[in-house]
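Here's a quick briefing to read alongside the model. Have the viewer open and click along as you go.

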Amino acid sequence: MNFITATSFLVFLFIFQRGYAQIDSARIISYADRLMVRVNLDTNIEGFVFSQGTLPDARKTVLTINNKATTSLSFDYKLFSVTLSMTPRFISGGNKDEQKGHSSYTDFSFRLFPKRFIQSVYYKNVRGFYVDNMKDLVPGWEEGRDPYIRFPGLQVQSYGGTTSYILNKNFSAKSIYTQGEWQKHSGGSWIPSVDYDLTIFKNTDNDNANKAVQYKIGGNMGYFYNWVIGKKVNIAPYLALGLGAKFASYRNVLGDGKKENTQYLTIRTEGGLHAGYNTDRFLFGGKINFNASAYNQKKDQTIENNYIYGLLYIGYRFAPPKVVKKTYDKIEKTIPLL
């Protein structure tokens, strides 16, 4: 997702906001007293773009994963939202491909909604990449005949989180993030946030083991809008822009073992669109999100990390089992913030 597309989306978002600026404050229906179980079918496309030279003649190498589909199961109750996802073996042979190689993708996320704050933490593990733009790099290369360059030993592990604050108290972020609420009238909100993560890169291909560690922290400002159509359908676009700092260290495990430390300024764009159908018990819908960040490694070298996430979901709400309710009540007494 390039920044021209993101800028166009931002223009659309402001027009969208102005067109509905006169709508009354939202009233919110809460489903906090019900346990929601949701089954998701999603696709996660993780990629890195390495650019050498200046535009428009920059030479690019695109690394991506061969990930076709992921299943996940979500549980939501009160302020808690937990999601566990993994790559299923029964879909397309577990993403095995003779030309592109095998990729694995697993992530675990946890989200809290204390008052007007949104606190999320996550863990992500991706392994197995291939060069996607072989035609740009190898003259005469043909898909289906020639193999892709593969990096089966390249692994990316990320530990991170985001702390956000909803400026408009009448806006329901849970109606978009987890469907734990329903916003009855259209409305939007600015949501500033701070994101932070630790990412570990490991590569064991061709007896050239190496490891890089990156720490990142950044500030973002985003606008979310929830357009309610009738009583049961909503469409919610959002976009966020941000700046941050990245601190990286690199060590060649099999070489001289010398450690190098560097710092970079990062630019980040994030956005998406959610559409859903909701009743008090039954719900379904879909969403697509993108996240793109970039930094200059050297004067004429740029590295981009692009992430695209598509999701279809179906869920059901019901009264929680007694053991779930009692456990939460004990936690709520222990942590007054909840």
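First, the big picture: the chain folds into five helices and 15 strands. Keep in mind that this is a predicted model, with an average pLDDT of 82 over the chain and 82% of the residues scoring at least 70. Of the 338 residues, 44% are buried.

**Overall numbers**

- The chain's accessible surface is about 18,200 Å², and carbon and sulfur atoms own 60% of that.
- Take the contacts with a separation of 6 or more: 68% of them involve residues 24 or more positions apart.

- Strand S10 (residues 187–203) has the highest mean pLDDT among the elements, at 94.

**Strand pairing**

- Strand S7 (residues 117–131) runs antiparallel to strand S8 (residues 150–165), with 13 bridges between them.
- For a landmark in S8, look at Arg150, which has Tyr130 standing opposite.
- S8 also pairs with S10, again in the antiparallel sense, over eleven bridges.
- On the S10 side of that pairing, Thr199 stands opposite Ser158.

**Salt bridges**

- The count comes to eight salt bridges.
- Opposite charges can pair up when the charged atoms of the side chains come close.
- Lys124 and Glu46 join their side chains in one of these, at 3.1 Å from N to O.
- Since Lys124 is in strand S7 and Glu46 in strand S2 (residues 35–52), this pair ties together parts that are 78 residues apart in sequence.
- Are Lys124 and Glu46 buried or exposed? Both are buried.
- Lys216 and Asp195 make another salt bridge through their side chains, 3.6 Å from N to O.
- This one links distant parts of the chain, with Lys216 in strand S11 (residues 210–229) and Asp195 in strand S10, 21 residues apart.
- Lys216 and Asp195 are both buried as well.
- Which residues are linked with Lys216 and Asp195 in a network of salt bridges? Asp197, Arg268 and Glu270 are.
- Arg145 bridges to Asp146, with 2.8 Å between the closest N and O atoms.
- Asp146 has a relative accessible area of 18%, so Asp146 counts as buried, the cut-off being under 20%.

- Strand S4 (70–77), strand S14 (282–298) and strand S15 (301–318) are the elements that give two or more residues to the patch.
- Phe75 is part of S4, and at 40% relative accessibility Phe75 is classed as partly exposed.

**A closer look at Arg59**

- Arg59 belongs to strand S3 (residues 59–65).
- Its relative accessibility of 49% puts Arg59 in the partly exposed class, since exposed means over 50%.
- Leaving out residues up to four places away in sequence, Arg59 touches Phe50, Ser51, Gln52 and Leu137.
- Arg59 and Asp136 sit 77 residues apart in sequence, yet their C-alpha atoms are 8.5 Å apart in space.

- Most residues other than glycine have a negative phi.
- Lys115 isn't a glycine but has a positive phi of about 55°.
- You'll find Lys115 in the loop between strand S6 (104–112) and S7, where it counts as exposed at 72% relative accessibility.
- Gln179, also not a glycine, has a positive phi of about 60°.
- The loop holding Gln179 runs between helix H4 (174–177) and strand S9 (181–183).
- Is Gln179 buried or exposed? With 4% relative accessibility, Gln179 counts as buried.

Definitions and conventions. Residues are numbered from 1 along each chain as its sequence is written. This is a predicted model: local features need pLDDT of at least 70, side-chain atom pairs count only at pLDDT 80 or more; totals for chains, interfaces and linings use all residues. Side-chain values use heavy atoms; hydrogens and water are left out. Helices (H or I, at least four residues) and strands (E, at least two) are DSSP runs, numbered from the N terminus. Buried means under 20% relative accessible area, exposed over 50%, partly exposed in between (1.4 Å probe, protein chains only). Contact means heavy atoms within 4.5 Å. Accessible areas come from the Shrake-Rupley method with a 1.4 Å probe; for residues, only the protein chains shown count as cover. pLDDT is the predictor's confidence in each residue, from 0 to 100. Two strands pair if DSSP finds at least two bridges between them. A salt bridge is a side-chain nitrogen of Lys or Arg within 4 Å of a carboxyl oxygen of Asp or Glu.
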